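Me: Please take a close look at one part of this chain, the salt bridges and the elements they join. Keep it brisk and connected.

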Amino acid sequence: MDKHGQKYFTDSTLTSIEQMVDEEMFFRTNRKFIVNLFYIKYFQPADRVKLKVYLDTENKINEITVSQLTASSFKKWINTN
């Protein structure tokens with residue numbers, strides 16, 4: 001989904017898309033989403049070791065869960081960028 005709320009469909013897997021994008025600008029939060037650094041408004045802890053990431057878009061703030069497997073990597077990525 002882009003900042004306007006428009007969804008796009010592709011035959012590519014998220015794993016292949018993840019390999020194509022700039023890892024400093026994009027992060028795969030879970031099995032469904034890759035997020036852009038510029039649209040992260042804030043994040044907070046959720047369900048023990050998971051995180052909730054809030055994205056700032058033109059229409060509304062969207063909430064995405066970062067899986068417990070990637071939560072620590074996400075925090076490192078945020079702090080590095």
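Reply: A salt bridge here is a side-chain nitrogen of Lys or Arg within 4 Å of a carboxyl oxygen of Asp or Glu. By this rule the count comes to three salt bridges. The model is predicted.

Start with Arg 28 and Glu 18. Their side chains meet in a salt bridge, at 3.5 Å from N to O. The pair links distant parts of the chain. Arg 28 sits in strand S1 (residues 26-28), and Glu 18 in helix H1 (residues 14-20). The two are 10 residues apart. Glu 18 is partly exposed, with a relative accessible area of 36%.

Next come Lys 41 and Asp 56. They form a salt bridge whose closest N and O atoms are 4.0 Å apart. This pair, too, links distant parts of the chain: Lys 41 belongs to strand S3 and Asp 56 to strand S4, 15 residues apart. Lys 41 is partly exposed at 48% relative accessibility. Asp 56 is partly exposed as well, at 35%.

Glu 63 is partly exposed, with a relative accessible area of 47%.

S3 (residues 40-46) and S4 (residues 50-56) run antiparallel, and six bridges join them. Phe 43 stands opposite Val 53 in S4. S3 and S4 form a hairpin, with three residues between them.

Most residues other than glycine have a negative phi. Asp 47 has a positive one, near 45°. Asp 47 is in the loop between S3 and S4. With a relative accessible area of 58%, Asp 47 is exposed. Arg 48 is in the loop between S3 and S4. Phi of Arg 48 is positive too, near 65°. At 84% relative accessibility, Arg 48 counts as exposed.

Move to strand S2 (residues 34-36), where Asn 36 is found. Asn 36 counts as buried, at 18% relative accessibility. A polar atom of the Asn 36 side chain lies 2.8 Å from the backbone nitrogen of Phe 38. Leaving aside residues up to four places away in sequence, Asn 36 touches Met 25 and Phe 26.

Finish with helix H2 (residues 71-80). Which residues of H2 are buried? Ala 71, Phe 74, Trp 77 and Ile 78 are. These residues lie on the same side of H2, because they cover an arc of only 120° around the axis. An α-helix has 3.6 residues a turn, so residues three or four places apart point the same way. On the other side of H2, Lys 76, Asn 79 and Thr 80 are exposed.

Note on methods: Residues are numbered from 1 along each chain as its sequence is written. This is a predicted model: local features need pLDDT of at least 70, side-chain atom pairs count only at pLDDT 80 or more; totals for chains, interfaces and linings use all residues. Side-chain values use heavy atoms; hydrogens and water are left out. Buried means under 20% relative accessible area, exposed over 50%, partly exposed in between (1.4 Å probe, protein chains only). Helices (H or I, at least four residues) and strands (E, at least two) are DSSP runs, numbered from the N terminus. The arc is that of the directions from the helix axis to the C-beta atoms. A polar contact is a pair of N or O atoms within 3.5 Å; within protein, one must be able to donate a hydrogen and the other to accept it, and residues adjacent in sequence count only if both atoms are side-chain atoms. Contact means heavy atoms within 4.5 Å. Two strands pair if DSSP finds at least two bridges between them.
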